[in-house]
Amino acid sequence: MGILNVTPDSFSDGGRYARLDAAVRQAEAMADAGAALIDVGGESTRPGAPRVPEPEELVRVIPVVRRLAKRLSVPISIDTSKAEVARQALDAGASLVNDVTALRGDPGMAGVIAQARVPVILMHMRGTPRTMQRSPRYRHVTADVCRFLAEARHQAIAAGIPASRVLLDPGLGFGKTVAHNLQLLRELEALVALGAPVVVGPSRKSFIGRVLDAELPDRLPGTLACVVAAAAHGAHVVRVHEVKPAVDFLRMFNAIGAR
Ligand code: PMM
């Protein structure tokens with residue numbers, strides 16, 4: 001899954017793809033490099049990020065989704081927690097919703113997804129992007145994340161989204177210490193065992209910077225180590241900014257047949 005942030009304030013590629021043409025070129029390059037899915041997001045979720053008003057998020061993402069849906073053969077996912085943004089993006093040609101609030105951010109979200117009959121990624125987060133890094137604590141991070149996601153999936157099913165359309169994501173970096181993120185990657189099988197496809201998004205995140213003492217943009221090697229660890233522990237989708245290196249790493253890993 002290639003990341004296309006159309007936010008002026010995204011933590012790693014802020015503003016660079018804000019213009020429509022640049023966004024489309026970037027998405028095409030990711031598809032050419034082997035992305036199976038392009039994830040379009042118009043609201044930064046970096047720690048401390050302010051909420052983007054709905055009209056502003058719509059202006060950022062809908063033209064991009066519409067243009068990409070016409071030009072790309074790979075499916076487009078919309079990274080949003082707002083039901084109206086999801087609804088309009090699905091109308092414009094998106095075919096999956098990536099909701100970092102696991103349907104808790106907007107009471108209308110589950111209905112939009114159920115009605116459109118599309119898959120959804122439910123992600124674990126502690127608190128909100130504003131508050132999530134304030135000394136996060138867990139009894140056992142993997143067990144707590146699994147419990148949360150099992151319950152979120154249960155609620156999605158109750159709202160009319162079939163289990164077969166639900167993907168789960170541990171939410172690396174969302175209300176977790178460095179140790180929590182590493183443990184979640186190490187113990188990913190516990191999440192895989194819930195039976196849904198698992199999505200993992202380590203790309204360029206600060207826990208990599210903390211382990212390697214690496215500032216942006218030097219977090220690619222650390223990201224690739226996480227990609228391979230996620231694949232080795234059973235992840236089905238990895239969400240990355242740099243698609244070509246990730247695809248090459250995974251192709252080589254699969255060629256070795258280490259799993
Ligand atoms: N991370 C970010 C945004 N959206 N969605 C999912 N499913 N999983 C993630 O880990 C995730 C996400 C934050 O990173 P970005 O600002 O670079 O997109």
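The tour starts with the whole chain and then moves through single elements and residues.

**Whole chain**

This is a predicted model. Show the cartoon first. The chain has ten helices and eight strands. Its radius of gyration is 17 Å, close to the 18 Å that the globule rule gives for 259 residues, so the chain is as compact as a globular protein of that length. Along the principal axes, the C-alpha atoms fill a box of roughly 40 × 40 × 35 Å.

Of the 259 residues, 54% count as buried. Look also at how the chain contacts itself: among contacts with a separation of 6 or more, 68% are between residues 24 or more positions apart.

**Helix H6**

Select residues 178-186, which form helix H6. Which of its residues are buried? They are Val178, His180, Asn181, Gln183, Leu184 and Leu185. Next, colour what covers them. The cover includes helix H5 (141-158), helix H7 (188-192), strand S7 (199-200), H8 and helix H9 (220-232).

**A nonpolar patch**

Stay in this region and select Leu182, Val211 and Leu212. Together they make a nonpolar surface patch of about 240 Å². Leu212 belongs to helix H8, residues 206-212. Is Leu212 buried or partly exposed? Leu212 is partly exposed, because its relative accessible area is 45%, and buried would require under 20%.

Most residues other than glycine have a negative phi, and most peptide bonds are trans.

- Arg204 sits in the loop between S7 and H8. With 12% relative accessibility, Arg204 counts as buried.
- Asp213: phi is again positive here, near 55°, in a residue other than glycine. Asp213 lies in the loop between H8 and H9. Its relative accessible area is 70%, so Asp213 is exposed.
- Leu216 and Pro217: a cis peptide bond joins these two, with omega about 5°. Pro217 is in the loop between H8 and H9.

**The cysteines**

Select Cys146 and Cys226 and show their sulfurs. How many disulfides does the structure hold? The count is zero. Cys146 is in no disulfide, and the nearest cysteine sulfur, that of Cys226, is 18 Å away. Check accessibility while they are selected. Cys146 counts as buried at 11% relative accessibility. Cys226 counts as buried too, at 9%.

**Last stop: Thr101**

Select Thr101. Where is it? Thr101 is found in the loop between strand S4 (96-99) and helix H4 (109-116). Its relative accessible area is 18%, so Thr101 is buried. Leaving out residues up to four places away in sequence, Thr101 touches Ser81, Met123 and Met125.

Definitions and conventions:
Residues are numbered from 1 along each chain as its sequence is written. This is a predicted model: local features need pLDDT of at least 70, side-chain atom pairs count only at pLDDT 80 or more; totals for chains, interfaces and linings use all residues. Side-chain values use heavy atoms; hydrogens and water are left out. Patches are made of residues with over 30% relative accessible area and no salt bridge: like charges are joined within 9 Å, nonpolar side chains (Val, Leu, Ile, Met, Phe, Trp, Tyr) within 5 Å. Accessible areas come from the Shrake-Rupley method with a 1.4 Å probe; for residues, only the protein chains shown count as cover. A salt bridge is a side-chain nitrogen of Lys or Arg within 4 Å of a carboxyl oxygen of Asp or Glu. Helices (H or I, at least four residues) and strands (E, at least two) are DSSP runs, numbered from the N terminus. Buried means under 20% relative accessible area, exposed over 50%, partly exposed in between (1.4 Å probe, protein chains only). Contact means heavy atoms within 4.5 Å. A disulfide is a pair of cysteine sulfur atoms within 2.5 Å. The radius of gyration is taken over C-alpha atoms; the globule rule is 2.2 Å times the number of residues to the power 0.38.
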